[in-house]
Amino acid sequence: MAKHSNHQESVLPAMQPRSSARGLRIRRPSVWAFSTFVIALLVAMPVIVILAHVFFPSGDVWSHLASTVLGRYLSNTVVLSVSVALGTTLIGTACAWLVVMCRFPGKRIFEWALLLPLAVPTYVIAYAYTDFLQYAGPLQSMLREWFGWQGSGDYYFPEVRSLGGASLLITMVLYPYVYLLARASFMEQSVSALDVGRTLGLGPWRMFRRVALPLARPAVIGGVSLVLMETLNEFGAVQFFGVDTFTTGIYRTWFGLGEQVAAAQLAACLLVFVFIVVLLERASRGGKRYHASASYQPLPQYRLGSGSAALAFLACFLPILIGFIFPALILLEMAITTGDPLFGEQFLGFAFNSLMLAAGAALVAVLLAVLLSYSARLNGSPWIRSANRVAAMGYAIPGSVVAVGIMIPLAWLDQRLNLFLRDNYGFLVGLVFSGTAFVLIYAYTVRFLAVSFNTVEASLGKVTPSMDAAARTLGQTAGGALRRVHTPIMRGSLLAAGILVFVDVMKELPATIILRPFNFDTLAVRAYSLASDERLAESATSSLFIVAVGIIPVVILSLAMRNSRPGSRKRSQNG
Amino acid sequence: MITIKGKLAVTALAASMAATSVAANEVNLYSARHYDSDQAIYDAFTEETGIEVNLIEGKSDALIERIKREGVASPADVLITVDAGNLWRADQEGIFQPVESETLNSRLPDSLRHPEGHWFGFSQRLRVIYYDRSDFDPSRISTYEDLAKSEFKGEICIRSSNNIYNQSLLASLVEYHGEDGAQEWAQGVVDNMARDPQGGDTDQIRAVAAGECNLAVGNHYYYARLLNSDDEADREVARKVGIIFPNQAERGVHANIGGAGVAANAPNRDNAVRFLEFLASDTAQEVFAGSNHEFPAVEGVLKNPVLDSWGNLNIDDINVSVLGENNPEAVRIFDRVGWR
């Protein structure tokens, strides 16, 4: 109860209509502000539950951690994050610019094919490459045979199961986040800015650096911060590679050392990393605004000479080769030669469950992201902004920690309900809150709201406020303006947000395993069951299915996005 | 959006009512095992008793946490784990209830049962030493303790200490040699490693076969599985690798227990007990041994040519609670000696 009243108070400042000229006039602030707050609170709850552990004493375990493993967790996490962030920025931005602004062979295919690695879970790419590249794998065995090498002492071969290997492979499956957001941003860019650049005599390269990149910066940084959070909570691949990071450390401390409190405190440290990421993003934007004025004529395109075209082709092809084609081929080979013994009807069940969960979670996450970011736009109160920030934190927390954070309050509710019914009416209803697929959708929302939120917020920020003003002058309500003005302009980004959440849920593993109801398997769970039983070849079938099911929506939606540039329909009619 | 949420909630409610309705003839399993062959056991159980089996698979620690949190509302009837440490931990959390069953008591040896029937062990998995047949004389090593000898510098492959089987093994060494002795051993093994710990047990066996290291540590059934693989390349790997059962002359080879107990708030207690009794039946025990190459808890049902060929083994019957109690200390030792 006490909590409830606190919550009311904290909403109040936000609910007062603002009369300053700075913000927009708000007709019904209470609904937007209030629902934002409730949603943010619900989404933040699991994180708060975990962080509440921080205030319990944790004995001597910290001095043990500090004197033994903490330094390694820290340095591995930092090196991994920085190298993945740099790699994904480079690949994602460069490829996005190439396919939006340049003409070269294969461009139409690259537009969507560059997204394909997104469908490959990090743990799957780790399995595939390890199998192929390790000492006992086919490549090194072949080399040894060819050159007559006797042992590992006779030659040098980079160790795939290393910090470097993990950085490289994670980069190769995560760069699409940057690519997707950067591309959407380049596509939404206004021709006027580019025209100004051109009249000032900027060539393609300088145009990219001086005009387009600064304008796309919020989107690129939004993408990189997704990548960073995804890297921070990465578990499957780093665990498999024996690279200790904060996330593997949390598991080990919780379950190996049996120190739940210290594990939660480690999770809190991880959140400090996330705060740094978020703050860096904010700081990099500074006070600048990146609204583009609304001039959505067709974008100009640079025709590349044959040399540059070949380079552009390679730049786009290599990431797809390493991040998708090659691992998919390895999986295909394993799936054909060995494969899953359950392949058949049961598989359709796994796939159906995965699809339903992913679609449901994507819908919920995009709707909530629109609601939250639009509400923050309407009402610039710091309360709303910080509520949004907290709501988007779940992304960086390892899935199983989120799962426990959800399980604790929901199972508690179930307990209370059942105790009440038993004591008063003599029967039990079982798990109403925590034992159904509903809890999975909740968990995915907590985990992936940041994905849709960052995407939607970046896009909404580019809609100039004069649009809002014009809509409201014409008699639209806040909701009406959102529906009739913002949503159509943001269509491409909304699709992007949906895709990202969808694919993320397809791949999600730890929370699904812990929270799923009886007899409810997904493709990821199936792949994991076999892989954790060290049946990699058998698990290849499910892995391949995750990839296959994941790329269908990626491709369809990506094709749809091609026409999502406002005014693009007019262009296609003319041409 | 409200309608979507509303629908979800209604569906959720309906589903949960269906899943937990009191009248249903069913048993709800929370299982840390994830072997396809287990499905054969569940099917056979349903056929014999008419009791439907509902299943959630996950990691032991997560399942324990879940049952604990669900409390009286928990639908869990039986918790199945793959290691002794987690049986102990579950018992410590108070999520098991005592079971008195003539069948279980007579069929399972004392060392594989909780004295008050809180849990029962149904199969054993041995942690063995593998060696390179072409390059290593197996008479040079006969105990876990030998692995720490400096003469094996750069020769050992073993997986990360995040793995519960390594943790249990070290927990047993803490019992036999004290914390200092166990730490000395762990340090010795780290010094002898051929490469940083990585991959799973099968990867260690493959590394031995490929000549990357002469010695490896892993559970026995991964080897048996390779030997019985459909893939000729896998069988070739197994043929290149020999197996050593450590400490045969004294306490025996370290074993972990796959076991189960009836949940404290089991809504279908009778069915749960029947299920445990079924796990001790010849049918189930033969599946453990036959399909998954585990050592069955019931004597005399062993019908697995690979396991048979190993003859009568001396298996360490250390008290399971010791493995659980020593587990956190084992992890600390691993941290201190830098065993990843």
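Two strands pair if DSSP finds at least two bridges between them. I kept that rule at hand while reading this predicted model.

**Strand 3 of chain B**

I looked for its partners first. Strand 1 (residues 26-31) of chain B pairs with strand 3 of chain B in the parallel sense, over 3 bridges. Here Tyr30(B) stands opposite Leu79(B). Strand 8 (residues 255-262) of chain B runs antiparallel to strand 3, joined by 4 bridges. In that pairing, Ala260(B) is the bridge partner of Ile80(B).

Next I checked the faces of strand 3 (residues 78-81) of chain B. Val78(B) and Ile80(B) are buried on one side, Leu79(B) and Thr81(B) on the other, so both faces are covered.

**Annotated site**

I placed His34(B) in the loop between strand 1 and helix 2 (36-49) of chain B. His34(B) is buried, because 21 other C-beta atoms lie within 10 Å and the cut-off is 20 or more. Leaving out residues up to four places away in sequence, His34(B) touches Ser529(A), Ser532(A), Asp533(A) and Glu57(B).

Tyr222(B) sits in helix 8 (residues 220-227) of chain B. I count Tyr222(B) as buried because it has 24 C-beta neighbours inside 10 Å. With the sequence exclusion of up to four places, its contacts are Glu534(A), Asp201(B), Thr202(B) and Ile205(B).

**Chain contact**

I then turned to the interface. Chain A gives 56 residues and chain B gives 54 residues. Helix 17 of chain A gives the most to its side, with 10 residues. That side divides into 26 nonpolar, 22 polar and 8 charged residues.

Key: Residues are numbered from 1 along each chain as its sequence is written. Chains are lettered from A and ligands numbered from 1 in the order in which they are written. This is a predicted model: local features need pLDDT of at least 70, side-chain atom pairs count only at pLDDT 80 or more; totals for chains, interfaces and linings use all residues. Two residues are in contact if their C-beta atoms, placed from the backbone, lie within 7 Å. Helices (H or I, at least four residues) and strands (E, at least two) are DSSP runs, numbered from the N terminus. Ala, Val, Leu, Ile, Met, Phe, Trp, Tyr, Cys and Pro count as nonpolar, Asp, Glu, Lys and Arg as charged, and the others, Gly among them, as polar. A residue is buried if 20 or more other C-beta atoms lie within 10 Å of its own, exposed if 12 or fewer, and partly exposed in between; C-beta atoms are placed from the backbone.
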